[in-house]
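User: I would like to go through this structure with you. Could we take it topic by topic?

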Amino acid sequence: MSVFRDDFLWGGACAANQFEGAWDVDGKGASVPDMCTNGSHTVPKWVTTTIHPDRLYPSHEAIDLYHHYKEDIALFAEMGFKCFRLSIAWTRILPNGDDAQPNEAGLAFYDSIFDECHKYGIEPLVTLCHFDIPMGLVEQYGSWRSRKTLECFARYAETCFKEYSGLVHYWLTFNEINILLHSPFSGAGIAFQEGENRSQVIYQAAHHVLLASATATRLAHQYDPANQVGCMLAGGSFYPYSCNPEDVWESVQKEQENLLFIDVQVRGRYPGYARKLFAEKQVQLHTEPGDDALLRENTVDFISFSYYASRCVAASLEGKAVNDGNVVRSVKNPYLQTSQWGWAIDPLGLRITMNQLYDRYQKPLFLVENGLGAHDTVEPDGSVHDDYRIDYLRRHIEAVKQAVSDGVDLMGYIAWSGIDLVSASTGEMSKRYGFVYVDKQDDGTGTLARSKKDSFDWYQKVIRSNGADL
């Protein structure tokens with residue numbers, strides 16, 4: 001017997017800027033990831049839409065889902081996906097971010113995607129903004145620095161809710177909203193001027209993002225009361241390095257900082273600890289009448305989150321090894337092994353995170369990203385034996401089952417990713433997550449041919465048994 005309910009949503013996840021390609025096809029405009037070259041998605045200073053012909057931009061072709069989506073969705077259906085998480089590229093709908101009229105070719109593309117999903121009985125789970133802020137808004141308004149971007153996002157969101165009413169029932173407003181704290185440019189298109197208070201810029205931008213999320217939630221419910229709207233957190237608990245009370249307090253503060261935005265999206269107001277946090281960072285939020293009511297009256301229906309690793313923190317870093325492998329910098333946990341990219345592998349941490357989130361918010365959870373980035377080897381016969389990926393996923397799904405047995409209300413499990421795609425943090429193809437191998441290399445070469453890994457058949461079995469057979 002499975003512990004998961006009959007309507008549990010199994011599936012895989014991808015993001016537009018990491019797998020669509022066709023970055024300037026059929027009227028699409030440039031977004032932040034389109035400006036990022038391979039090797040780094042971090043841009044330390046103001047940027048423009050200048051493309052250098054001697055550099056490789058991974059998002060420009062990615063794995064070219066734009067021209068392969070029927071083939072790829074058929075593979076997802078063969079695995080048995082109940083749900084496919086994807087994002088809409090804002091600049092495919094509004095190329096400059098603030099266009100008065102939508103791009104009809106972009107609207108039609110996603111209509112075709114959703115029709116193809118429904119042909120196989122796959123429910124789309126759609127993220128409105130998965131880090132791909134239009135470069136037009138970055139250049140004109142400084143991205144989320146300005147409330148003007150909030151107005152533009154509202155227009156974009158309303159266009160999507162209107163166009164895809166009846167085709168999409170599950171929506172996420174912003175992907176990993178808390179990454180804005182750790183990677184402001186790749187996460188939200190925020191670049192800094194010399195000498196300014198970075199915290200002021202980040203938290204003011206975050207306030208605008210939170211207002212945008214609440215606005216989108218209101219619009220989604222207006223267009224279809226059956227729409228379910230979720231927030232999305234880069235999850236993972238912060239462990240104290242030791243039982244020294246100073247380390248424990250450090251973990252409490254990091255946890256609060258990490259959950260601040262989710263607190264607002266779920267509870268409809270800034271938590272009490274935000275006042276002290278803002279004072280310490282010399283942040284003064286500029287608000288307008290109606291902001292409080294908008295946040296209060298438009299909270300999310302469920303909480304989605306990604307989980308790849310737990311974090312470990314200490315009051316002092318002196319004499320401690322630091323893990324720089326992940327976007328969220330932390331101390332190395334001596335009790336855990338790490339992936340090839342230095343990410344702590346901690347299945348029990350997933351159970352802990354799920355219990356903490358559910359105890360804190362008492363709203364349904366949805367695990368929408370979990371997976372292992374690893375180097376895969378293609379054998380002479382074309383097979384890919386990724387037992388390490390199967391082992392990772394098996395252990396984490398077992399932890400999910402334990403959390404559900406603990407009483408956590410979970411809507412579904414979405415693996416990252418259904419198919420190989422471009423790494424969000426480094427632009428690499430060699431950091432592979434998918435059940436489907438794509439012949440595309442870090443230098444941009446490859447045939448783009450798709451082939452099944454061993455994990456494909458394994459995940460098919462997991463879904464068919466509703467998680468009973470791991």
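**A walk through the model**

Analyst: A place to start is K453, which is found in the loop between β14 (450–452) and α14 (454–464). Please keep in mind that this is a predicted model.

User: Is K453 buried or exposed?

Analyst: K453 counts as buried, because its relative accessibility is 1%.

User: Which residues does K453 touch?

Analyst: Leaving out residues up to four places away in sequence, K453 touches D376, V384, D386, R389, D420, R432, Y433, G434, F435, V436 and Y437. With G434 there is a polar approach: the backbone oxygen of G434 lies 2.8 Å from a polar atom of the K453 side chain.

User: Let us turn to helix α4. What should its 16 residues span, and how far apart are its end C-alpha atoms?

Analyst: Helix α4 covers residues 104–119, and at 1.5 Å a residue it should span 22 Å. The end C-alpha atoms are 22 Å apart, so the two values agree.

User: Which residues of α4 are buried, and what covers them?

Analyst: The buried residues of α4 are G106, L107, F109, Y110, D111, I113, F114, E116 and C117. Their cover includes α1 (16–19), α2 (69–79), β2 (83–87), α3 (90–93), β3 (123–129) and α6 (147–163). One of those buried residues, F109, has R92 over its face, at 5.5 Å from the ring centre.

User: What comes just after α4?

Analyst: Just after α4, G121 takes a positive phi of about 75°.

User: Which residues touch the most other members of the largest nonpolar core?

Analyst: They are W144, F153, Y164 and Y459, in a core of 151 residues. Helix α8 (residues 198–223) gives the largest share of this core, 13 residues.

User: What is F153 in contact with?

Analyst: Aside from neighbours within four places in sequence, F153 is in contact with W90, L128, C129, W144, T173, F174, A212 and A216.

User: How many aromatic pairs are there in the whole structure?

Analyst: A search of the whole structure finds 30 aromatic pairs. One concerns W90 and F153: the ring centres are 5.5 Å apart and the planes are at 70°, so this pair is edge-to-face. The pair links distant parts of the chain, since W90 is in helix α3 and F153 in helix α6, 63 residues apart. Both W90 and F153 are buried.

User: What does F153 form with Y156?

Analyst: F153 and Y156 form an edge-to-face aromatic pair, with 5.8 Å centre to centre and 65° between the planes. Both residues lie in helix α6, three residues apart, about one turn of the helix. An α-helix has 3.6 residues a turn, so residues three or four places apart point the same way. Y156 is buried, as is F153.

User: Which residues do ring pairs link into a cluster?

Analyst: The cluster consists of F4, F8, W10, F19, F76, F81, F84, Y413, F435, W458 and Y459.

User: And where does the charged end of R198 sit?

Analyst: The charged end of R198 sits over the ring of F192, 4.0 Å from its centre.

User: New topic: where does T127 lie, and what does it touch?

Analyst: T127 lies in strand β3 and counts as buried, because its relative accessibility is 0%. Not counting residues up to four places away in sequence, T127 touches R85, L86, S87, I88, L172, T173, F174 and N175. The side chains of T127 and R85 make a polar contact (3.1 Å).

User: What about D72?

Analyst: D72 is found in helix α2 and is buried, with a relative accessible area of 0%. Beyond residues up to four places away in sequence, D72 touches L65, I419 and R450.

User: Lastly, the backbone. Which residues does a cis peptide bond join?

Analyst: W416 and S417 are joined by a cis peptide bond, with omega about 0°. S417 is found in the loop between β12 (410–416) and β13 (436–438).

User: What is the phi of A62, and that of Q362?

Analyst: Phi is near 50° for A62 and near 55° for Q362. Most residues other than glycine have a negative phi, and most peptide bonds are trans. A62 is placed in the loop between α1 and α2, and Q362 in the loop between α12 (347–361) and β11 (365–369).

User: Are A62 and Q362 buried or exposed?

Analyst: A62 is buried, with a relative accessible area of 0%, whereas Q362 is exposed, with 52%.

Technical notes. Residues numbered from 1 in each chain as written. Predicted model: local features only at pLDDT ≥ 70, side-chain atom pairs only at ≥ 80, totals over all residues. Heavy atoms only, no water. Helix = DSSP H or I, 4+ residues; strand = E, 2+ residues; numbered from the N terminus. Expected span 1.5 Å × (residues − 1). Buried < 20%, exposed > 50% of the residue type's maximum accessible area, 1.4 Å probe, protein only. Contact = heavy atoms within 4.5 Å. Core = buried A, V, L, I, M, F, W, Y, C linked by side-chain atoms within 4.5 Å. Phe/Tyr/Trp six-rings, centres within 6.5 Å; stacked < 30°, edge-to-face > 60°. Lys NZ or Arg CZ within 6 Å of the ring centre and 35° of its normal. Polar contact = N/O pair within 3.5 Å; in protein donor to acceptor, adjacent residues only side chain to side chain.
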